[in-house]
Amino acid sequence: MFSEFLKSFGLRKRCNVLLSPIAGKVIPLSEVNDQTFAAGLLGQGVAIEPTGNKVVAPSDSKIEAIFPTGHALALHTDEGLDVLIHVGLDTVKLDGKYFNVKASVGQTVKKGDVLIEFDREAIEREGFDVTAPILICNSVEFASIKGNVGDTVNELDQLITARER
């Protein structure tokens, strides 16, 4: 009850937690072999070196955009996070090969729904880096974005905490 009272005056900062849409090892964005992602130009977050072959909805969300090649999508979570999930680096050059999109733009999805299936091994055999940046594109609206760097996560494990201003 007291926390609700403080919150009504704006004295308690809220944290939004983003769950992992992909299983794998969490690395800092700065280690991504792509300057646009590494510099945080598209938003703050982390990257995942995937161990699985699918992307799931990290939260109840609305799909805002899906790249025609199926390698990336943007969603808006019910918690207010604008999230970009990008599977691999330069994978746009595959022109959709090895990607199977299971969602559509404008669709409302539930936490855990499969959004994209991809053939990680085939993508690697083609010579592409499968590292997947997970970005909070509206990160400027938050005081801090902290990822669980160094952890190995399963789908829907805690990945990023965004603390409100």
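**Figure 1. Asp60, in the loop between strands E4 and E5.** Strand E4 covers 54–56 and strand E5 covers 61–66; strands here are DSSP runs of E with at least two residues, helices are runs of H or I with at least four, and both are numbered from the N terminus. This is a predicted model, so to read it: local features need pLDDT of at least 70, side-chain atom pairs count only at pLDDT 80 or more, and totals for chains, interfaces and linings use all residues. Residues are numbered from 1 along each chain as its sequence is written, and side-chain values use heavy atoms, with hydrogens and water left out. Asp60 has a relative accessible area of 26%, so it goes down as partly exposed (buried is under 20%, exposed is over 50%, partly exposed is in between, with a 1.4 Å probe and protein chains only). Leaving out residues up to four places away in sequence, Asp60 touches Thr77, Asp78, Val109, Lys110 and Lys111, where contact means heavy atoms within 4.5 Å. His76 is 16 residues from Asp60 in sequence, and their C-alpha atoms are 8.7 Å apart.

**Figure 2. The open sheet of eight strands.** Read across, the order is E9-E5-E6-E7-E11-E3-E2-E13, and the pairing is antiparallel; two strands pair if DSSP finds at least two bridges between them. Strand E9 (108–109) and strand E13 (152–153) are the edges, each pairing on one side only. Zoom in on E2 (residues 24–28) and E3 (residues 44–50), and you get an antiparallel pair held over five bridges. Within that pair, Lys25 stands opposite Glu49 in E3.

**Figure 3. Ser20, in the loop between E1 and E2.** Strand E1 spans 15–19. Is Ser20 buried or exposed? With 0% relative accessibility, Ser20 counts as buried. Set aside its neighbours within four places in sequence, and Ser20 is in contact with Ile48, Val56, Val153, Asn154, Glu155, Leu156, Asp157 and Leu159.

**Figure 4. Leu156, a non-glycine residue with positive phi.** This is one of the contacts of Ser20 from the previous view. Leu156 is found in the loop between E13 and strand E14 (158–164), and its phi is near 75 degrees. Relative accessibility for Leu156 is 30%, so it counts as partly exposed.

**Figure 5. Asp90, another residue other than glycine with positive phi.** Here phi is near 60 degrees. Asp90 sits in the loop between strand E7 (82–86) and strand E8 (99–101). At 42% relative accessibility, Asp90 counts as partly exposed.

**Figure 6. Stepping back to the protein as a whole.** The secondary structure comes to three helices and 14 strands. The radius of gyration is 16 Å, close to the 15 Å from the globule rule for 165 residues, so the protein is as compact as a globular protein of that length; the radius is taken over C-alpha atoms, and the rule is 2.2 Å times the number of residues to the power 0.38. Along the principal axes, the C-alpha atoms fill a box of roughly 55 × 30 × 25 Å. Of the 165 residues, 46% count as buried. Among contacts with a separation of 6 or more, 71% come from residues 24 or more positions apart.
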